[in-house]
Amino acid sequence: MLPLTKRSKSLLAAALLAALAGCGTADNGTEPRGGAKKEAAARPVVPKEAVPDGLPGMPPLLDPKDVYAADRPGLLSPVVKDFPSRVYVPNTNSNTVSVIDPATYKVIETIPVGIQPQHVVPSWDLKTLWVNNNRGHTLTPIDPATGVAGKPVEVHDPYNLYFTPDGKYAVVMASLDRELVFRDPHTMDRKKTVPVSCYGVNHADFSADGRYFVVSCEFSGELLKVDTAKMEVIGQQKLPFQGAMPQDVKLSPDGKTFYIADMMAHGMWVLDGEKFTTPRLMPTGKGAHGLYVSRDSKEMYVPNRGEGSISVFDFGQNKLTKKWWLPDGGSPDMGGVSADGKVLWLSGRYDSEVYAIDTKTGKQLARIPVGGGPHGLAVYPQPGRYSLGHTGVFR
């Protein structure tokens with residue numbers, strides 16, 4: 001072999017570097033040599049699953065697999081931790097709110113409010129309870145720290161009340177006006193009115209990412225899908241049941257399914273909120289009305305107002321597992337679960353009473369006389385970082 005000159009050595013080094021660079025580049029048009037091809041094939045690029053962004057300004061979920069992770073027993077917000085534990089019962093026919101001490105099962109106060117109070121609703125910031133005086137066209141604020149009612153605020157047709165997950169708006173379900181009214185969550189000044197073509201908007205719940213919510217229309221048997229940020233109806237469908245009357249709406253813990261109680265179909269509709277396709281009916285009992293998730297996110301309680309029972313749905317098993325019957329009957333309607341998760345509180349709509357039910361055994365713990373037509377009672381305080389409205393839907 002002839003000896004290499006200094007220039008030849010330089011040219012050979014450059015050639016080697018070029019060859020090595022070609023071996024390390026998968027898309028330069030050259031074929032990798034030796035084991036390099038096998039190594040590249042053994043490491044396929046796996047695309048990351050796209051995670052949808054949440055509604056801007058919405059507090060992120062504590063657990064992406066459980067929208068109710070903030071609702072565990074004892075997880076009281078610093079805002080509410082010193083509030084006295086009470087059950088606030090709006091009496092639709094008496095125009096009052098009965099206040100129950102859950103420790104004694106006794107009514108300790110009766111607060112006069114406006115005409116036809118329907119629901120007692122915790123505000124997004126947890127600082128105020130709003131009494132929805134439907135026919136009085138007012139909202140009465142109650143300070144949950146003192147139990148004192150403030151000056152009523154004029155709001156037309158407030159059948160029910162919700163709050164967007166970012167805390168930016170209150171959403172009034174103006175049932176007879178056939179409107180969704182977006183308002184300032186503190187002053188209740190009107191910001192945007194969304195007319196709807198269905199009848200009797202009444203209950204709702206928000207998607208896990210907060211970007212939309214599903215609304216039930218009681219009197220026309222329909223469902224709406226509403227874009228939260230745009231404040232626009234983006235979907236509408238008629239339920240496949242003659243005479244359907246959808247009521248409460250609740251999202252599953254995993255955020256994949258909406259459940260809608262129906263008092264005439266005697267069960268709850270199971271809906272894919274993303275696809276918003278035709279839901280299927282799961283029978284529960286006569287007059288299914290409210291939907292309440294247990295503190296461990298494993299079960300949901302479904303009061304059947306027309307037969308005096310409560311059905312228990314197991315999320316993991318995806319089926320009804322128990323049914324509890326009230327002694328001497330009753331008309332269990334709306335309510336909520338105690339802060340420790342041990343007691344389910346429900347109004348007896350047609351019996352002027354409230355029921356306290358053991359969530360472990362289904363045993364009736366108390367039956368408490370209240371005013372006429374008790375409806376959307378609120379158990380307060382409850383765990384959670386903020387309220388989405390109704391009688392207490394917390395995240």
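Reader: Which backbone nitrogen lies 3.1 Å from a polar atom of the side chain of Asp125?

Author: That of Lys127. The model is predicted. The side chain of Asp125 also makes a polar contact, at 2.7 Å, with the side chain of Ser123.

Reader: Where is the place of Asp125?

Author: Asp125 sits in the loop that links β4 (117–122) with β5 (129–133).

Reader: Is Asp125 buried, partly exposed or exposed?

Author: Buried means under 20% relative accessible area, and exposed means over 50%. Asp125 has a relative accessible area of 22%, so the residue counts as partly exposed.

Reader: What does Asp125 touch, leaving out residues up to four places away in sequence?

Author: Val79 and His186. As for Pro185, 60 residues separate it from Asp125 in sequence, but the C-alpha to C-alpha distance is 9.1 Å.

Reader: How do I read a strand and its faces?

Author: In a regular strand, side chains alternate between the two faces of the sheet. Here, take β18 (residues 258–262), where five of five residues are buried. Phe258, Ile260 and Asp262 lie on one side, Tyr259 and Ala261 lie on the other, and both faces are covered.

Reader: Which strands pair with β18?

Author: Strands of a sheet pair through backbone hydrogen bonds, in a parallel or an antiparallel way. β17 (residues 246–251) runs antiparallel to β18 and is joined to it by four bridges; in this pair, Pro246 has Asp262 as its bridge partner. β19 (residues 267–271) is also antiparallel to β18, with five bridges, and there Phe258 stands opposite Leu271.

Reader: How many residues lie between the strands of each hairpin, and which turn residues have a positive phi?

Author: The β17 and β18 hairpin has six residues between its strands, and Gly255 in the turn has a positive phi of about 75 degrees. The β18 and β19 hairpin has four residues between its strands, and the turn residue His266 has a positive phi of about 60 degrees.

Reader: Which residues have the most contacts inside the largest nonpolar core?

Author: Phe258, Tyr259, Met268 and Met300, in a core of 28 residues. Elements giving two or more residues to this core are β14 (212–217), β17, β18, β19 and β22 (299–304). Met268 shows how such a residue is surrounded: among the residues that it touches are Tyr259, Ile260, Leu281, Met300 and Phe313, not counting those up to four places away in sequence. A second, separate core has 23 residues, including Tyr162, Val171, Val194 and Ala204.

Reader: What is the strand order in the open sheet of four strands?

Author: The order is β9-β10-β11-β12, and the pairing is antiparallel. β9 (160–163) and β12 (190–195) are at the edges with a single partner strand each, so one side of each has no neighbour in the sheet. From one strand to the next, the twist averages 20 degrees. Inside this order, β10 (residues 170–174) and β11 (residues 179–183) are joined by five bridges, with Val172 opposite Val181.

Definitions and conventions
Residues numbered from 1 in each chain as written. Predicted model: local features only at pLDDT ≥ 70, side-chain atom pairs only at ≥ 80, totals over all residues. Heavy atoms only, no water. Buried < 20%, exposed > 50% of the residue type's maximum accessible area, 1.4 Å probe, protein only. Contact = heavy atoms within 4.5 Å. Polar contact = N/O pair within 3.5 Å; in protein donor to acceptor, adjacent residues only side chain to side chain. Pairing = 2+ DSSP bridges. Axes fitted to C-alpha atoms, helices over the stretch in contact; angles between N-to-C directions. Core = buried A, V, L, I, M, F, W, Y, C linked by side-chain atoms within 4.5 Å.
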